[in-house]
Amino acid sequence: MWLAELRLRDFRNYASLDVAFGEGVTILQGPNAQGKSNLLESIYTVAMGRSPRAGTDAELVRFGQERAYARVAVQGVRSHTLELAFDRVTGEKRIKVNGIVAQRAQLLGRMAVVLAGPLDDEVIRGAPGYRRRVLDAALSQVSPSYFFALTRYVRVVRQRNRLLREAVSASELVPWDEQLVELGAALGERRRRFVEALAPRARARHARIAGGSEELDIAYICSAGEGEERAALASALTARRGEELRRGTTLVGPHRDDLRLAVNGIDLRTFGSRGQQHTAALSLRLAEAEMLREDLGEWPVLLLDDVLADLDRTRQAFLLDEMAGPQVLLTHTGAPPDGGAPVRLLSVRAGMLVEDADVRA
């Protein structure tokens, strides 16, 4: 699976862009604030139906314009054309798959992507919600049933929270408790299996990038405690009923779960160095790409945003060796790292791309 063509109109700082991509490694090079990250964001947004960093779709529309448009052509076992259009004034977002208006659920998985970069600082050091999004984004791309269950679960939690704030009787909560347990157990079980398969792959990649000096451990932490998913969740809801009524919010379930990442037994969120945190985030993303390949039968498009900045030259070299898949798009502010593999180099200046001579990295 690879991105063959990208078209942007008034997306972020791109007034108009049409560019063809090939397989292999493409380096988007240039100073900061020229549009490198915006270009990767556009690809991710079309693939996932939402931006990884914008609070609202209106932020994606170029300053002074009313609408933004992005389209990708995907080649692989199945070829697709994916389109997104945003209207700043009306707030409308339109998705098309192969020319037909579609919902977000019909978009996911058509072009699988994995994005690594500065936003992963929050995945390692930030609130649990950032780590849950990693799991939800990956699983939603490989499993429509997971995405539908997640969407239903979010609605159940919102409705249950409303009832908790109204201090309703326990009997009125029962049907919502039952739905929360059913959906929450299915989500938690699927996440746990994914993490159990992801962890050894991330550990192996981390060891290679770090030169064998560090061991990464990843574990799924369930807010309902240990045990069979449904039984543990049902028991936790009963045990914390009074506290939930006092606080007016649902305190257990997949929306409260977390990932624990540790290097040599030390929790990275609190004690890891920046280099260790950065290496762990990259290892997590590379393992995620491997998991998507196994589940989908195709490699995802790998989007690496300024990932070399916080690595020394040795770890940069190890990372370049670890990159896998038919297509990698990598942004970098400096000269391409030395190496022997041919890459395509595109210079980015003020929302415009210029082709440079072939280089090797």
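Is leucine 187 buried or exposed? At 1% relative accessibility, leucine 187 counts as buried, where buried means under 20% relative accessible area and exposed over 50%, with partly exposed in between (1.4 Å probe, protein chains only). This is a predicted model, in which local features need pLDDT of at least 70 and side-chain atom pairs count only at pLDDT 80 or more, while totals for chains, interfaces and linings use all residues. Residues are numbered from 1 along each chain as its sequence is written, and side-chain values use heavy atoms, with hydrogens and water left out.

Leucine 187 lies in helix H6, helices being DSSP runs of H or I with at least four residues, numbered from the N terminus. Apart from its neighbours within four places in sequence, leucine 187 is in contact (heavy atoms within 4.5 Å) with Tyr146, Ala149, Leu150, Tyr153 and Pro254.

Helix H6 (residues 170-209) also meets helix H4 (residues 128-142), their axes coming within 11 Å and crossing at roughly 95 degrees; H4 and H6 are therefore roughly perpendicular to each other, a term for angles of 65 to 115 degrees. On the H4 side the contact is made by Arg132, Leu135, Asp136, Ala138, Leu139 and Val142, and on the H6 side by Arg190, Arg191, Phe194 and Val195.

H4 packs against helix H5 (residues 144-165) as well, at an angle of about 130 degrees and with the axes 5 Å apart. Here the contact joins Asp136, Leu139, Ser140 and Val142 of H4 to Pro144, Tyr146, Phe147 and Leu150 of H5.

Note on methods:
Axes fitted to C-alpha atoms, helices over the stretch in contact; angles between N-to-C directions. Helix = DSSP H or I, 4+ residues; strand = E, 2+ residues; numbered from the N terminus. Parallel < 35°, antiparallel > 145°, perpendicular 65-115°, else oblique.
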